[in-house]
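Please look over the two-chain model shown here. A short report on its architecture is wanted.

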Amino acid sequence: MLPDDRGHFGPYGGRFVPEALIAALDELDAHYRKAMADPEFTGEFERMLREYAGTPSLLYDATHLSAHIGGARILLKREDLNHTGAHKVRNVLGQALLTKRMGKGRVIAETGAGQHGVASATAAAYLDLECVVYMGEVDTKRQALNVARMKMLGATVIPVTTGSRTLKDAINEALRDWVTNVDDTHYLLGTAAGPHPFPAMVRDFVRGIGVEARAQCLALTGALPDAVAACVGGGSNAIGMFHAFVPDADVRLYGFEAGGDGIDTGRHAASITGGSHGVLHGSRSYLLQDEDGQTIESHSISAGLDYPSVGPEHAWLHDQGRARYQPVTDAEAMDAFALLCRTEGIIPAIESAHALAGALRVLPALREELGHEPTVIVNLSGRGDKDMHTAGEYFGLFDSGEVIG
Amino acid sequence: MTVSVAFEKARAEGRAALVGYLPAGFPSVAEGIAAVKAMIESGVDLVEIGLPYSDPVMDGPVIQRATEQALAGGVRTRDVLHTVEAVAGAGVPVLIMSYWNPVEKYGVDAFARDLAAAGGAGLITPDLIPDEAEEWLAASDAHKLDRVFLVSPSSTDERIAMTVAHCRGFVYATAVMGVTGARDSTSSAAPTLVARVKAAAGNLPVGVGLGVRSGAQAAEVGAYADGVIVGSALVSALADGGLPALRTLTQDLRSGLTP
């Protein structure tokens, strides 16, 4: 069972952090292992997920979309219907509950577009924890509404003015806070990356996505799906979806990275398909870097995928050939975004639209390979309300007043 | 030249060694070299050359700003090695301090080889713990380089013992929990940490970094540590007052250590 005791997925993962954080990571690892084996903790976590977050999320048979594209059965895992509008609520509730159990009263979090920040502020409000969110200054301006949400929920938002002033710098600043205040503070990391035990712990908190989807698919169709698809930035929704299916060798796993303007333009966020091996933010994985190992800024229309590295377990699944990772461009994602709006009346997060776009692209080859109409689960990891400004600009909805399509 | 030379010299003079940090390429490669030379002439016993990195999670604002400026000016890993080469003949041992990814990207063995060829004494690795350092342990052995890992107040005795066992040259004690940066008062945790490290380190020198910015603070720390590490205050001096301010501060720090 991966990772090993030191957090390695093959050559990936591990702990590339200052020694000052090792004691806190050891403490976290010990508490998390004990908590996951304690029915009191897992019972309370499940209760919160059920009664507060609204899970299990539906597995929706997208008949209109399936009919529109023809030759495939698309099932949507409706994580967009969870409280706070994305799969992320699972992770923050798990970590916030663990924070209480560790006797710490303060959580810090990083956020890019603000979704993880809002989720963290939500969990902190719910569990009565102090919450400080680090957010790149550039992002606080782009996402003023989410800043207001976090403040409304009682969190303090600190704009980060160093480096590129975006997500990766917010993570750096959160790590600096953590190393300074580690005694009473938990770092509520937002994705399945970072130093051990974060990749495994976050995966375990979100793995319900795949566990539920697997059972729901069996109940609905009488069989496992032929493939599952998820978008991959840091990779938490994807690992949450994949994990339960990894032992099912016949179920293909597709991870769709943010291809931005296209891999060959250099303006993308596809760490696996367009990056190389290295160490960033505490673990070894794939990342976007220059010749000297300096991190290269990522680009994506989707803020949630706009991160220059990826969780180590994805790097491992890629190298093993167990999951296949492909880039999806901004344009492909936005086409799928519009398609889902029109066929199903569901506005997806632009992140999730990458998963749908990628799935639609691989369908013909998959159908040919299987010799039958494939059943594919697409993880609809979040809802698109937060993206309406981006979508409105992209589709020209604000000035012309015309409809698209 | 290994760093033991510097510690032995200081010990023979009955004082702690002064360890000075400056990033390469700040404000430019040539001016950075001149600054390190000025620091050596003004009395540092040991030099740390910082390798500017895009994501310096251990550094406070002063060093962040300096390394950002260096990177914006186009500094490359080879410029850092060139800086080492340019100052290695000045009579004091020279170490590079680098986050791990640039070293890994360069190639761990190639980096060790080129650092040794440039006359460098070794490498300080703020985000590489011995647990993850297999390749670096082998490369530093092969190229006879010192390797300096960090310990902190939160380290258990077991981890201190393990870390010290993998250090060569000296042990870097980060005596406050937090990022680099000058502080008004020295930490009460520092003597305790140094005592714990010394219990495990035997004869291996212990250097302490905790935000020292004056001769008086250096004297305080030098009373219980083998090396007093100064970074942010020197970078500030250079940034705000150029070489004259850098020389003045270095001399003040050094005089604080002179018995």
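## Model and conventions

This is a predicted model, in which local features need pLDDT of at least 70, side-chain atom pairs count only at pLDDT 80 or more, and totals for chains, interfaces and linings use all residues. Residues are numbered from 1 along each chain as its sequence is written, while chains are lettered from A and ligands numbered from 1 in the order in which they are written.

Helices (H or I, at least four residues) and strands (E, at least two) are DSSP runs, numbered from the N terminus. Two residues are in contact if their C-beta atoms, placed from the backbone, lie within 7 Å. A residue is buried with 20 or more other C-beta atoms within 10 Å of its own, exposed with 12 or fewer, and partly exposed in between; these C-beta atoms are also placed from the backbone.

## Chain B overall

Chain B has 11 helices and nine strands. Its C-alpha atoms fill a box of roughly 40 × 40 × 30 Å along the principal axes.

Of the 259 residues of chain B, 61% count as buried. Contacts in chain B between residues at least 6 apart in sequence join residues at least 24 apart in 74% of cases.

## A helix pair in chain B

Helices α2(B) (29-41) and α4(B) (77-87) pack at about 35°, with axes 10 Å apart. Axes are lines fitted to C-alpha atoms, for helices over the stretch in contact, and angles run from 0 to 180 degrees between N-to-C directions. The crossing of α2(B) and α4(B) is right-handed: the near helix is turned clockwise from the far one by less than a right angle.

From α2(B), the contact uses V29(B), G32(B), I33(B), V36(B), K37(B) and I40(B). From α4(B) come D79(B), H82(B), T83(B), A86(B) and V87(B). Six of the residues in this contact are nonpolar, three polar and two charged. Here Ala, Val, Leu, Ile, Met, Phe, Trp, Tyr, Cys and Pro count as nonpolar, Asp, Glu, Lys and Arg as charged, and the others, Gly among them, as polar.

## Where the chains meet

The contact between the chains takes 33 residues from chain B and 27 residues from chain A. On the chain B side, α3 (61-72), α5 (100-106), β6 (150-151) and α8 (157-166) each give two or more residues. The largest share, five residues, comes from α5(B). By class, this side of chain B has 13 nonpolar, 11 polar and nine charged residues.

Strands of a sheet pair through backbone hydrogen bonds, either parallel or antiparallel. Two strands count as paired if DSSP finds at least two bridges between them.

One open sheet of chain A has four parallel strands in the order β7-β6-β5-β8. Its edge strands, β7 (156-160) and β8 (185-187), each have a single partner, so one side of each is left without a neighbour in the sheet. The twist averages 25° from one strand to the next. Five bridges join β6(A) (130-136) to β7(A). Y134(A) has I158(A) of β7(A) as its bridge partner.

A second open sheet is antiparallel, with four strands of chain A in the order β1-β2-β12-β11. At its edges stand β1 (8-9) and β11 (276-280). Two bridges pair β2(A) (12-16) with β12(A) (282-287). G13(A) stands opposite R284(A) in β12(A).

## An enclosed helix

Helix α13(A) lies across β1, β2 and β12 of chain A, at about 45° to β12(A). Seven of the nine residues of α13(A) (312-320) are buried, so this helix is largely enclosed by the rest of the structure. Among the buried residues are H314(A), W316(A) and L317(A). G321(A) follows α13(A) and has a positive phi, near 75°.

## Backbone exceptions

Most residues other than glycine have a negative phi, and most peptide bonds are trans. The bond from T55(A) to P56(A) is cis, with omega near 0°. P56(A) lies in the loop between α2 (39-53) and β3 (59-61) of chain A. H196(A) and P197(A) are also joined by a cis bond, with omega about 15°. P197(A) sits in the loop between β8 and α9 (198-206) of chain A.

R165(A) has a positive phi near 60°. R165(A) lies in the loop between β7 and α8 (167-181) of chain A and is partly exposed, with 18 other C-beta atoms within 10 Å. In chain B, K144(B) has a positive phi of about 55°. K144(B) belongs to the loop between α7 (134-142) and β5 (146-148) of chain B and counts as exposed, with 12 C-beta neighbours inside 10 Å.
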